[in-house]
Amino acid sequence: QSGRYRQVLGNPQARFILAMICIEAIATFGVMAYIPAYLHSRFGISLFHAGVVVAMVGLGGLGYTLFAQRWVKALGPARLARSGGMLLGLSFLLLAGGTDWQWAVIACGVMGLGFYQLHNTLQTLATQMAPTARGTALSLFAFFFFLGQAIGVSAGAIVVDELGANWLFAAPALMLPLAGAVLAWHIKASRRAAA
């Protein structure tokens with residue numbers, strides 16, 4: 001079993017995908033945990049209603065599933081990753097700069113749409129990073145995703161305490177478009193190398 005982990009972790013492509021999923025998790029789910037408390041403290045809405053606003057992430061994800069087949073064909077994985085990162089960045093900018101809680105409804109819907117564009121691209125790449133040890137590769141993918149969430153929530157607490165939630169939202173607003181662009185570049189470079 002340890003040989004399979006070495007096989008996956010010894011592959012530079014796999015290490016890149018695992019690093020990207022960890023970064024994605026830090027910047028999305030790690031930060032998302034603070035949205036309800038932010039909406040409650042800044043706009044005075046109840047925590048229940050703030051939680052309902054965050055549930056719009058799920059509706060954005062549902063919107064992605066309705067059009068995923070067409071978008072994947074039309075955009076391809078590289079443009080899907082880049083646009084997903086840009087939508088995620090936009091969603092966190094809306095959260096940080098919104099002057100009313102209704103902006104968060106739009107932001108969370110856009111967040112769900114962008115997240116599934118970026119995440120599903122990474123997930124597809126994860127299934128290909130070690131064809132002879134696919135189960136091990138996907139278990140590592142899940143491990144790094146959950147590790148990233150834990151790191152994001154822990155680091156987020158420090159940022160919120162020291163600088164405030166707006167700075168916490170500013171970080172993924174910058175990180176995620178960059179992550180999408182880097183992933184898109186990697187996909188194109190891998191295709192050129194394989195050709």
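Predicted model: local features only at pLDDT ≥ 70, side-chain atom pairs only at ≥ 80, totals over all residues.
**The core.** Begin by selecting Ile-35 and Phe-169. The largest nonpolar core has 50 residues, and these two touch the most other members. Next, colour the helices that supply at least two residues each to this core: helix 2 (12-27), helix 3 (29-32), helix 4 (35-43), helix 5 (47-54), helix 6 (56-97), helix 7 (102-128), helix 8 (134-162) and helix 9 (165-194). Helix 9 contributes the most, with nine residues.

**Around Phe-169.** Keep Phe-169 selected and display its surroundings. Leaving aside residues up to four places away in sequence, Phe-169 touches Val-31, Ile-35, Tyr-38, Phe-92, Leu-95 and Ala-96.

**Helix 6 and helix 7.** Now select helix 6 and helix 7 together. In general, two packed helices are described by the angle between their axes and the distance between the axes. Here the axes come within 4 Å and cross at roughly 135°. Helix 6 and helix 7 are therefore oblique to each other. Their contact has 25 nonpolar and twelve polar residues, and no charged residues.

Is Cys-22 buried or exposed? Cys-22 has a relative accessible area of 11%, and because the limit for a buried residue is under 20%, Cys-22 is buried. Cys-108 also counts as buried, at 0% relative accessibility. To close the tour, look for disulfides: with a cut-off of 2.5 Å between cysteine sulfur atoms, the count comes to zero.

Terms used
Residues numbered from 1 in each chain as written. Heavy atoms only, no water. Core = buried A, V, L, I, M, F, W, Y, C linked by side-chain atoms within 4.5 Å. Buried < 20%, exposed > 50% of the residue type's maximum accessible area, 1.4 Å probe, protein only. Contact = heavy atoms within 4.5 Å. Axes fitted to C-alpha atoms, helices over the stretch in contact; angles between N-to-C directions. Parallel < 35°, antiparallel > 145°, perpendicular 65-115°, else oblique. Nonpolar A, V, L, I, M, F, W, Y, C, P; charged D, E, K, R; others polar.
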